[in-house]
Structures are given as structure tokens and as C-alpha cells.
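Welcome! Take a moment to look over the chain and its fold, and then follow the tour below.

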Amino acid sequence: MGRDNLRPLSLKEYIGQKEIKKSLQVYLSAALTREEALDHVLLTGYPGLGKTTLAHIIAHELGSKIHITSGAALERPGDLAAILTSLEERDVLFIDEIHRLPAPVEEILYPAMEDFLLDLVVGKGPGARILRLTLPKFTLVGATTRSGLISAPLRDRFGISFKLEFYTEDELKDIVQRTASILEIPIDEEGARVIARSSRGTPRVANRLLRRVRDFAEVQGYKIINAKVATYALELMAIDTLGLGPFDRNLLRTIMEKFDGGPVGLETLATALCEDPRTLEDVYEPYLIRCGLLRRTKRGRMLTKRAYQYLGLKRSL
């Protein structure tokens, strides 16, 4: 069997995000030439676009060790201090969902990023004193799906910032073929394209769909995944050529049937769908907006003319 880890190990293997790759290669080469730590990097973009993968690639290209945590896991300043004091020269610290850092934790991150200093409070009350530690030069890679929630002081301390975009159908086809090769899944180019077309512009979705189509093909006894096999498997999963599934269609129909096509507020819509508002906003809405089926307004969410066409209905006046 192929290797379990599907993440590319280098920029050369990484598919898509061409402009980011081009710039990042320059910054990495410059840091290696000067034998310095790479400047801090902020990666923004919707879930599944490759932020974590890029963090691993940065560490690999630098020949450095990567330390991984998340903003939600760092509840107290001491949690971050423990990680910072364990870093070695030019290590990479990856903080996923960095916008979820509590304010007290974020405060001690400022001098660590800017001056590579860590201020610890020793003791309590009148006898308390500040112990200042010098940290090794490290690279912080922060990732977030909600860049608007990152405070200005934190954002300003990142010397490099990238926004990852959705992938094209051709890029996703290449990703599906690469994953199939690693997992030793027989698939032809058209079969890979069918899966890519339904992958919502997201590599994570493409890899997930490939695995599910493989399950169908193996159980049904197909030796290779071609366009016909892939299309039939996706139909069984109720995923259409736009990549929309049952929940997406339910969301659109709910706005149409219960709220006359909108506008409807996020909280109200989430209650009607029995779903978390943040999940709607971060996971489902971005792609529906990108497809031109949903529109955000100051008054709430509204269906577009194309959404009515997609649902096979006429828009009421």
C-alpha cells in the first residue's frame, strides 16, 4: 500500500496556489542563504485549502522541526510559555486557528514574536517579579479561517501573509490523481475530473470523495474508476456536479420555503437548520456564495436568481 500521509513534503510537490508558492520559495531561499529563521507567516483561508500542509512544507524546506498546537488549546499563558521555552534555533511553531488565542496568551506572544523574549511573572502579590527569558530565533506560522478576528497588534507582527484561494478543477484533478497514485487506487483522467468537479474547490473534499468512490468501486467489483463509475458513486452520495450535498440543498430550500428567499439572519437560519451558526458561516456559506447561489447582505442571507434556477423554481415577485 502507499504511504498513509498524503501531505506533499516540498513546494515542488504542492499543487495549486501558484503565486503563493512563487513568493514563498523566494523567502525560504533567502532565509536559508542568510542562515536565519524565516520571518513569521500568517496563512488565511477557508478550511481544507492547505494551510496546515504549507506549515509542514515550510518546516521541511527549512530543515527545521515543527511544533503544532492550536489557539483553543492554549488556554493560559503558561501553556504557550511551555512550548516557547522548548523551541530550538530556527524551529517552526504552528498555531492553527490562531484567532482563538485568549487575550492573556496573545499578550505574551507579542514580545516573543518581535524580540524573541518571554516575560514570566514569578510569585504572587507584592513579592511578584518578572523573569525575562531570551528565546531562540524561531518562525511562527499562524493559520486562521477567520482573519477578521485577528487583532491588529498580532497581525502586524507577521512579516509574511498569504491568503489561500479555492482550487481550479484542473488543479483538483491533479490532486486526485496524485492521491490515487499514493493510495494505489486505479483511476483514469476523466474519473479524476468528475471527482474534482464535485470537490467544492477544496483538496480535503477531493481526497475524501476519492476514498468514498473507491469504496463503491471495490464493493461493486470495478477494476478502475472512470467517469461513469465516479458519476454513479457521487449520485449515490447525493452529491451533484457543483459539489453540493443534501445539507447545502436543504439550506437553500429552507431560505426559500420558510423565509421567502430571504433576507434571514444567520442565527435564525441556524436555528431553523439545527446547526451551529459558525459552521454555517465558515463551512457552507463560502462555497454557496462562490457558486453564486447565496448572497450576504446587511439584512441577512438571500437567495440569488441562480439559486432559484438551481432548485428548478421561479422567483416570486
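Two residues are in contact when heavy atoms of theirs lie within 4.5 Å. With that in mind, look at this predicted model and find helices α10 and α12: Phe247, Asp248, Leu251 and Leu252 of α10 meet Leu280, Tyr284 and Leu288 of α12.

**Where α10 meets α12**

- Two packed helices are described by the angle between their axes and the distance between the axes.
- Here, the axes of α10 (residues 246–259) and α12 (residues 277–290) come within 11 Å and cross at roughly 80°.
- Angles of 65 to 115 degrees count as roughly perpendicular, so α10 is roughly perpendicular to α12.
- Sorted by class, the residues in this contact are 6 nonpolar and 1 charged, with no polar ones.

**Aromatic pairs**

- How many aromatic pairs does a search of the whole structure find? The search gives 7.
- One of them joins Phe166 and Tyr287 edge-to-face, with 6.4 Å centre to centre and 65° between the planes.
- That pair links distant parts of the chain, 121 residues apart: Phe166 sits in the loop between β7 (160–163) and α6 (169–183), while Tyr287 belongs to helix α12.
- Phe166 and Tyr287 are both buried.
- Another pair, Phe247 with Tyr284, is tilted, at 4.4 Å centre to centre and 40° between the planes.
- This second pair also links distant parts of the chain, with Phe247 in helix α10 and Tyr284 in helix α12, 37 residues apart.
- Are Phe247 and Tyr284 buried or exposed? Both of these residues are buried.
- Ring pairs also build a cluster out of Tyr46, Phe166 and Tyr287.

**Helix α2 and its surroundings**

- Helix α2 runs over residues 51–62, which makes 12 residues.
- From first C-alpha to last, α2 reaches 17 Å, close to the 16 Å expected at 1.5 Å a residue.
- Its buried residues are Lys51, Thr53, Leu54, Ala55, Ile57, Ile58, Ala59 and Leu62.
- What covers the buried residues of α2? The cover includes helix α1 (18–34) and the strands β1 (41–44), β2 (66–70), β3 (92–96) and β6 (139–144).

- Ser10 lies in the segment before α1.
- Leaving aside residues up to four places away in sequence, Ser10 touches Ile57 and Glu61.
- Ser10 has a relative accessible area of 16%, and buried means under 20%, so Ser10 counts as buried.

Conventions:
Residues numbered from 1 in each chain as written. Predicted model: local features only at pLDDT ≥ 70, side-chain atom pairs only at ≥ 80, totals over all residues. Heavy atoms only, no water. Helix = DSSP H or I, 4+ residues; strand = E, 2+ residues; numbered from the N terminus. Expected span 1.5 Å × (residues − 1). Buried < 20%, exposed > 50% of the residue type's maximum accessible area, 1.4 Å probe, protein only. Axes fitted to C-alpha atoms, helices over the stretch in contact; angles between N-to-C directions. Parallel < 35°, antiparallel > 145°, perpendicular 65-115°, else oblique. Nonpolar A, V, L, I, M, F, W, Y, C, P; charged D, E, K, R; others polar. Phe/Tyr/Trp six-rings, centres within 6.5 Å; stacked < 30°, edge-to-face > 60°.
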